[in-house]
Amino acid sequence: MDFILVTEQYFTELDALHSAYKLEIGEDEPTISDLVKLHNAIMHADILFYGCVIECQLVAICSVSKVFSTFNYSISGVFEDFYIAPQFRHKGIARKLVKYAYENSGVSSMTVGCADCDKEMYNALGFNIPLGNMLAYGD
């Protein structure tokens with residue numbers, strides 16, 4: 001079990017896991033245009049994807065997007081896209097992947113927006129400082 005910064009080498013596997021994640025949470029699968037934008041964002045380090053590789057296969061992912069936050073007046077990370085392939089769940093990957101992403105992204109804190117049904121899971125993973133409700137604005 002190895003934890004990595006996901007690079008172009010794993011983009012096809014990242015695409016498959018990211019698509020599975022979107023479907024599992026009830027969102028539309030990314031379009032070709034979406035994937036081009038994602039690829040560009042990864043190449044320009046606008047978003048950092050971290051993953052777990054087992055036997056040369058990417059089996060889990062998460063992303064961190066860096067922002068300046070007045071929560072602690074430092075660079076913070078927005079944690080998203082957290083997905084572990086079903087056959088690899090409950091094997092200790094989740095905590096290790098979150099810790100790896102935090103330690104290797106260079107952020108001083110990470111925030112996550114989640115559905116009520118996922119709050120306990122994120123609390124167990126270390127996201128336990130309440131910051132109110134997170135809402136999105138956009139088209």
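This briefing walks through a helix pair, the nonpolar core and a handful of individual residues. Please keep in mind that the model is predicted. Helices H1 and H2 pack against each other with their axes 12 Å apart, and the largest nonpolar core has 40 residues.

**How H1 and H2 pack**

- Two packed helices are described by the angle between their axes and by the distance between those axes.
- Here the pair is helix H1, residues 11–24, and helix H2, residues 32–43, which meet at an angle of about 125°.
- The crossing of H1 and H2 is right-handed.
- On the H1 side, the contact is made by Phe11, Leu14, Asp15 and His18, while H2 brings in Leu35, Leu38, His39 and Ile42.
- Sorted by class, this contact has five nonpolar residues, two polar ones and one charged one.

**The nonpolar core**

- Which residues have the most contacts inside the largest nonpolar core? They are Leu14, Phe49, Leu58, Phe79, Phe82, Ile93 and Phe127.
- Two or more residues of this core come from each of strand S1 (2–5), H1, H2, strand S2 (48–54), strand S3 (57–69), strand S4 (74–84) and helix H3 (93–105).
- Leu14 is worth a look in your viewer: it is listed among the core residues with the most contacts, and it also takes part in the contact of H1 with H2.
- Phe79 is another of the core residues with the most contacts. Leaving aside residues up to four places away in sequence, Phe79 touches Cys62, Ser63, Val64, Val98, Met110, Thr111, Val112, Tyr122 and Phe127.

**Two loop residues with positive phi**

- Most residues other than glycine have a negative phi.
- Cys56, in the loop between S2 and S3, has a positive phi, near 65°.
- Cys56 has a relative accessible area of 68%, so this residue is exposed.
- Tyr73, in the loop between S3 and S4, also has a positive phi, near 50°.
- With 60% relative accessibility, Tyr73 counts as exposed.

- Where is Cys117 found? Cys117 sits in the loop between strand S5 (109–111) and helix H4 (119–124).
- Cys117 counts as exposed, at 68% relative accessibility.
- Between the C-alpha atoms of Cys117 and His90 there are 18 Å, and the two residues are 27 residues apart along the chain.
- Thr31 lies in the loop between H1 and H2.
- Thr31 has 42% relative accessibility and therefore counts as partly exposed, since the cut-off for exposed is over 50% and that for buried is under 20%.

- Not counting residues up to four places away in sequence, Ser105 touches Leu48, Tyr50, Val64 and Lys66.
- Val64 is one of the residues touched by Ser105, and Phe79 touches Val64 too.
- Ser105 and Ser63 are 42 residues apart along the chain, and their C-alpha atoms are separated by 9.6 Å.

Terms used: Residues are numbered from 1 along each chain as its sequence is written. This is a predicted model: local features need pLDDT of at least 70, side-chain atom pairs count only at pLDDT 80 or more; totals for chains, interfaces and linings use all residues. Side-chain values use heavy atoms; hydrogens and water are left out. Axes are lines fitted to C-alpha atoms, for helices over the stretch in contact, and angles run from 0 to 180 degrees between N-to-C directions. Helices (H or I, at least four residues) and strands (E, at least two) are DSSP runs, numbered from the N terminus. A crossing is left-handed if the near helix is turned anticlockwise from the far one by less than a right angle, and right-handed if clockwise. Contact means heavy atoms within 4.5 Å. Ala, Val, Leu, Ile, Met, Phe, Trp, Tyr, Cys and Pro count as nonpolar, Asp, Glu, Lys and Arg as charged, and the others, Gly among them, as polar. A nonpolar core is a set of buried Ala, Val, Leu, Ile, Met, Phe, Trp, Tyr and Cys residues joined through side-chain atoms within 4.5 Å. Buried means under 20% relative accessible area, exposed over 50%, partly exposed in between (1.4 Å probe, protein chains only).
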